[in-house]
Amino acid sequence: MKKLITLAILLITLTITGCTQTKDFQIEYNSLSKEQEEIINLTGNRIFRYNLENLPNDKNYQLNLVYEVYKDGKKVKEEQILSSWYEPTKEKLEDTTVAINMQDNKIRCQEGGASASLDIKEDISQLSYHYFTSGKKIKLGDDIYLFHGVKGDKGILYSDLGLLSDKDVNENIKENELNVFVKLQCKEIENK
């Protein structure tokens, strides 16, 4: 009888802890096939796709794609390209994909069913660039740097993009004539 009670307690404990564990909110680079990349590169496009997994369902927050421009080490522009709002729900939120297409003087974005575009003055085709190619856990309040285009000698490497501090950004942009970034801003919204 003791073994049966112990087994029942063990099963209940495993069930409760297994059901209440939540997976981390994260972003994962979604690579294109080599053939797709070759074809896209021939058109002058730059396309990046990211999966957002395990979106929080217990908070008010907004996911923004933001375009930033720095000239001679100073921020001169910050524009929101696309914004999605999320509210608390009892339902599990579906994972979503963020897609970014950059060509010449235009940025197009999609997230879930929303899409937007932004005309820019900077010609992306004239810049050296790096983009985020790995995965990261995300917390609300984080900025994830997805793209860095540069006209100058010092850029942020693929491996270093993602979560960057202001110090990291400032250290890597100060010697360049022009820096452009696209970042995912994960912003918690306070309840009113």
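The model is predicted. The protein contains three helices and twelve strands. Of its 192 residues, 39% are buried.

**Overall organisation**

- Among contacts with a separation of 6 or more, 65% are made by residues 24 or more positions apart.
- The protein has an accessible surface of about 11800 Å². Carbon and sulfur atoms contribute 48% of that surface.

**Nonpolar core**

- The largest nonpolar core is made up of 43 residues. Within this core, L65 and I100 have the most contacts.
- Neighbours within four places in sequence being left aside, the contacts of L65 include I81, L82, V98, I100, C109, L146, V182 and L184.
- L65 is also in contact with E79, Q80 and K183.

- Helix α3 spans residues 166-173, and its buried residues are V169, N172 and I173. These residues line one face of the helix, because their directions fall within an arc of 90° when α3 is seen down its axis.
- In general, an α-helix has 3.6 residues a turn, so residues three or four places apart point the same way.
- The cover over the buried residues of α3 includes strands β3 (61-71), β10 (143-151) and β12 (178-188).
- N176 lies in the loop between α3 and β12. With a relative accessibility of 2%, N176 counts as buried, because the cut-off for a buried residue is under 20%.
- The side chain of N176 forms a polar contact of 3.1 Å with the side chain of N179.

**Aromatic pairs**

- The count of aromatic pairs in the protein is eleven.
- One of these pairs is formed by Y129 and F147, whose ring centres are 5.8 Å apart. Their planes meet at 25°, and the pair is therefore stacked, since planes under 30 degrees apart count as such.
- The pair links distant parts of the chain, with Y129 in strand β8 (residues 128-131) and F147 in strand β10, 18 residues apart.
- The two partners are assigned to separate accessibility classes: Y129 is partly exposed, with a relative accessible area of 25%, whereas F147 is buried, with a relative accessible area of 1%.
- Ring pairs also join Y129 and F147 into a cluster with Y29, F48, Y50, Y131 and F132.

Terms used:
Residues numbered from 1 in each chain as written. Predicted model: local features only at pLDDT ≥ 70, side-chain atom pairs only at ≥ 80, totals over all residues. Heavy atoms only, no water. Buried < 20%, exposed > 50% of the residue type's maximum accessible area, 1.4 Å probe, protein only. Helix = DSSP H or I, 4+ residues; strand = E, 2+ residues; numbered from the N terminus. Arc of directions from axis to C-beta. Contact = heavy atoms within 4.5 Å. Core = buried A, V, L, I, M, F, W, Y, C linked by side-chain atoms within 4.5 Å. Polar contact = N/O pair within 3.5 Å; in protein donor to acceptor, adjacent residues only side chain to side chain. Areas by Shrake-Rupley, 256 points an atom, 1.4 Å probe, with all protein chains shown as cover. Phe/Tyr/Trp six-rings, centres within 6.5 Å; stacked < 30°, edge-to-face > 60°.
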